[in-house]
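Have the viewer open as you read.

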Amino acid sequence: MSCCNSFAMHCKYSLIIYISDNTPESFQMTEGCELSIFDSLPVETILTDGDSVKVQSTSLSLGKEYKAKLKILGIIPVTDTTVKIVDKSYVQLLGQAFGIKIYADGVMVVGISDVETAQGLQNPSRTAGIQIGDIIISIDGLKVESNADVSEIIKSSEGNRLLFKIKRNGTIMEKTVQAVRAVDDSGFKIGLWVRDSSAGIGTLTFYNPSNGVICGLGHAICDADTGELIPLNHGEFVGAEVIGVIKGNSGTPGELKGRFTGTSLGSIIHNSVTGVYAKYSSDISFYTGDYVPIANKQEITTGDALIYTTVDNQDPKFYKCKIDKIHFNDRGLTQNLIIEITDPDLIEKTGGIVQGMSGSPIVQNGKLVGAVTHVFVNNSKKGYAIFAENMLNASKKADQNTDKKAS
């Protein structure tokens, strides 16, 4: 085999591997649209009803699923995926800063430390096998919902054994803990630090008029010490205003400084990897953002886009950015896009992407394509964004789960 042929074969297999690795298990598509995947590559997408009957995009039916076969040059089969035909969804752009108050379902272990006793340093919690990140649900059958609940039960234990019911990585387990008396006469302790709530500032992404759900952040609310997702008991969105900016630079993420206004926007119904969702409980009319369609992920292209965000005490504004990369695969629900801030005004104000801008909507060709989620520590002008499609799907599931609980 010649060097040229060997090189061609290598390129072909590399292309096959790239497409296979970057094709998700499913796509969504609206009626009347053409399905184009990897349109910058010599890849043809063939829709079939079942295994063999080719289907034209003009004859697709709402709610049905089709198989899409990806072939190089229309000849070499690469991989298959599923295409579901969905309604075009319109949402209202928000882009305002908001406050988040969230209370855990149980209390989260955020630290373990030794207790100084007359017999020396002891750590009953570590001895019992309790770990940082565990969620304490109950102690001796008594449900705990606050730091005070835990403290009171331990102090009144008189050193008797306590049965802790905890949740770890979704698994319920029990641990027996025996409190010890501290040498400083502060009472019985088990060497545990816990947290029952969290609060912070973020950016609202969109309002879904079909179910009254508002969403923001584009990522989960996690405990600051453990990095674990906080299991939701209850919480709310509240109004907030930006009162200052700490500019970001290489190695040091910036931050929006804000304060809560006290206006309740709605009760939180879901805290998930794709964002935080609330049922709106007030008048949405004071928000000025346009209603725009949600883009399906395969409609997004690299190149120019706009970010809609609030970085001062004014209304949200559009700033220029560009989409550098698109990750279609299903391995991550949040780090779907790599974006770069290009607007000189935004760079002057913030240095690029800063903490508190998470959730800021990204618009391309008049459609909502995503929301900012993370900043690159070593380059404050760049960061990750989530597909808006993923947030829309999560908002629908969150609302459905709420309806089930209510019934």
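## An aspartate and its partner

D114 counts as partly exposed, at 44% relative accessibility; that label covers the range between buried (under 20% relative accessible area) and exposed (over 50%), with a 1.4 Å probe and protein chains only. Before going further, a caveat: this is a predicted model, local features need pLDDT of at least 70, side-chain atom pairs count only at pLDDT 80 or more, and totals for chains, interfaces and linings use all residues. Residues are numbered from 1 along each chain as its sequence is written, and side-chain values use heavy atoms, with hydrogens and water left out.

Which residue forms a salt bridge with D114? R126 does, and the closest N and O atoms are 3.6 Å apart. A salt bridge here is a side-chain nitrogen of Lys or Arg within 4 Å of a carboxyl oxygen of Asp or Glu. R126 sits in helix α2 (residues 124–128) and D114 in the loop between β7 (97–112) and β8 (115–117), so the pair ties together parts 12 residues apart in sequence. R126 is partly exposed too, with a relative accessible area of 49%. The helices (H or I, at least four residues) and strands (E, at least two) are DSSP runs, numbered from the N terminus.

## Salt bridges across the sequence

By this rule the count comes to 8 salt bridges. One of them joins K297 to E389, with the closest N and O atoms 3.9 Å apart. K297 lies in the loop between β21 (291–293) and β22 (303–309), while E389 belongs to helix α5 (residues 388–406), so this pair ties together parts that are 92 residues apart in sequence. Are these two buried or exposed? K297 is buried at 6% relative accessibility, and E389 is buried as well, at 4%.

The side chains of E299 and K367 also meet in a salt bridge, at 2.4 Å from N to O. This pair links distant parts of the chain, 68 residues apart: E299 is in the loop between β21 and β22, and K367 is in strand β27 (residues 367–376). E299 is partly exposed, with a relative accessible area of 28%.

## Strands around β28

Strand β27 and strand β28 form a hairpin with 2 residues between them. They pair in the antiparallel sense over 6 bridges; for two strands to pair, DSSP has to find at least two bridges between them. V372 stands opposite A385 in β28.

β28 (residues 379–387) also pairs with β24 (residues 337–341), again in the antiparallel sense, over 4 bridges. Here E340 has K382 in β28 as its bridge partner.

## A nonpolar patch

On the surface, L229, V273 and L333 form a nonpolar patch with about 230 Å² of accessible area together. Patches are made of residues with over 30% relative accessible area and no salt bridge; like charges are joined within 9 Å, and nonpolar side chains (Val, Leu, Ile, Met, Phe, Trp, Tyr) within 5 Å. V273 lies in the loop between β19 (254–272) and β20 (275–280), and is partly exposed at 45% relative accessible area.

## The whole chain

Zooming out, the chain has 5 helices and 28 strands. Of its 407 residues, 48% count as buried. The accessible surface comes to about 19500 Å², and 48% of that belongs to carbon and sulfur atoms; the areas come from the Shrake-Rupley method with a 1.4 Å probe, and for residues, only the protein chains shown count as cover.

Among contacts (heavy atoms within 4.5 Å) between residues at least 6 apart in sequence, 65% join residues at least 24 apart.
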